[in-house]
Amino acid sequence: MGSLQLKRVLITGAAGGLGRTLAKHFAAEGCELVLTDLHEEPLEATRTELSQSGTRCRAYVLDVTDDAAIQDVRRRVHEDLGAVDILVNNAGVVFGGPFLEVPLEQHRLTYRVNVEGVVAMTHAFLPDLMESSRGHLTFIASASGFIGLPNGSTYASSKWAVIGFAESIRAELKARGTRHVGVTTVCPTYIDTGMFTGAKPPKTAKMLDPDEIAKKIVEAVRKEQIWVLEPWIVKVTPFIKNCLPTKIADFVADAFGASSSMDQWQGHGS
Ligand SMILES: NC(=O)c1ccc[n+]([C@@H]2O[C@H](COP(=O)([O-])OP(=O)(O)OC[C@H]3O[C@@H](n4cnc5c(N)ncnc54)[C@H](O)[C@@H]3O)[C@@H](O)[C@H]2O)c1
């Protein structure tokens, strides 16, 4: 989409982690920020920091699982600033552990935030992007959206759903000739934000730096790149998973430590 100057970017889960880092990188490109998050205090801290550095930005407390709140925030954003050009579906949760030891409510919440929240936000804001001269949809999925993840079954499967949803929306926009709305799907391994504290990155990879990955995401939006697959091993994962016999793909996953990566997961609770 070329220059991002003056583009209005809405980010979900912008109070911390990757969302907050992305906000800073979009701000550095001259974007106007619409920050949203479930948690008011850190959200306000992010807004204050960005405002003080000269970025035009607003913050709205928003739970992406609350349809009425999404409609209310959309109305307020339109009144306060106007329609958005770029939506970054970033908010996400994970509850690691053996499937039967994680309460069912946490498995359900994973799907509500990571899948239903993404669908609801896209349903509410895609019309804005379509009205924009150049709009963009960004989905923060995960490398786990390409594989099975022991001790992260509902998290991984929620990201499989995000990838399938993003690909379907991209195909639908293309089929109806809506070429001015781009779609980027982001699939990284573990990022050093605290969400996956205790998890082990695959062999040959390290915990990714949030700044480095945010920089690549913003660049991908600017270039309307369809995928951000980081690090290199994620670029070959779909081939390994889909083209090799399953037993060999399982062997490779074990050899690279993907199957045991969540064994020591603690997350933000550590
Ligand atoms: N950290 C990683 O290793 C990693 C790897 C791959 C993908 N991701 C994805 O990147 C995205 C950001 O993750 P992160 O590492 O910054 O995590 P994080 O936990 O640091 O930040 C997530 C943010 O989402 C917000 N949030 C949670 N539930 C919400 C809800 N119902 N409504 C609105 N906001 C809500 C939280 O308040 C928080 O600010 C997530 O979608 C995650 O799945 C993370």
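**Notebook: strands, core and ligand shell**

I began with the sheet, which is open and has seven strands in the order β3-β2-β1-β4-β5-β6-β7, with parallel pairing. I noted β3 (57-61) and β7 (227-230) as the edge strands, each of which pairs on one side only. On average, and with direction ignored, I find neighbouring strands of this sheet turned by 15° against each other. I record here that the model is a predicted one.

Helix α3 (residues 67-80) lies across β2 (32-37) and β3. The angle at which α3 runs to β3 is about 160°.

I then turned to β6 (residues 181-188), which runs parallel to β7 and is joined to β7 by four bridges. Thr185 has Trp227 in β7 as its bridge partner. Between β6 and β7 the chain passes through helix α6 (residues 210-223). I recorded the hand of this β-α-β crossover as left-handed.

**Entry on Lys216.** I selected Lys216, a residue of helix α6.

Glu230 and Pro231 are joined by a cis peptide bond, with omega about -5°. I located Pro231 in the loop between β7 and α7 (232-243).

**Entry on the core.** I examined the largest nonpolar core and found 72 residues in it. Val9, Ala23, Phe26, Leu33, Leu35 and Leu87 have the most contacts inside this core. Helix α4 (residues 104-131) provides the largest share of the core, six residues.

**Entry on the ligand.** Which residues come nearest to the ligand? Among the 29 residues around the ligand, I find that Gly13, Gly17, Ala91, Gly92 and Thr193 come nearest. The elements giving two or more residues to this shell are α1 (17-28) and α4. The most is given by α1, with three residues.

**Entry on backbone angles.** I looked for residues other than glycine with a positive phi. Leu6 has a phi of about 70° and lies in the segment before β1 (8-11). I count Leu6 as exposed, because Leu6 has 11 C-beta neighbours inside 10 Å and the limit for an exposed residue is 12 or fewer. Thr204 also is not a glycine, and its phi is positive, near 80°. I found Thr204 in the loop between β6 and α6. Thr204 too is exposed, with 10 other C-beta atoms within 10 Å.

**Entry on α8.** Why does helix α8 (residues 246-255) lie largely in the open? I find that one of its ten residues is buried, so the helix lies largely in the open. Following α8 is Gly257, with a positive phi near 80°.

Key. Residues numbered from 1 in each chain as written. Predicted model: local features only at pLDDT ≥ 70, side-chain atom pairs only at ≥ 80, totals over all residues. Pairing = 2+ DSSP bridges. Axes fitted to C-alpha atoms, helices over the stretch in contact; angles between N-to-C directions. Contact = placed C-beta atoms within 7 Å. Right-handed = clockwise from strand over helix to strand, strands pointing away. Core = buried A, V, L, I, M, F, W, Y, C linked by C-beta atoms within 7 Å. Buried ≥ 20, exposed ≤ 12 C-beta atoms within 10 Å, placed from the backbone. Near = placed C-beta within 6 Å.
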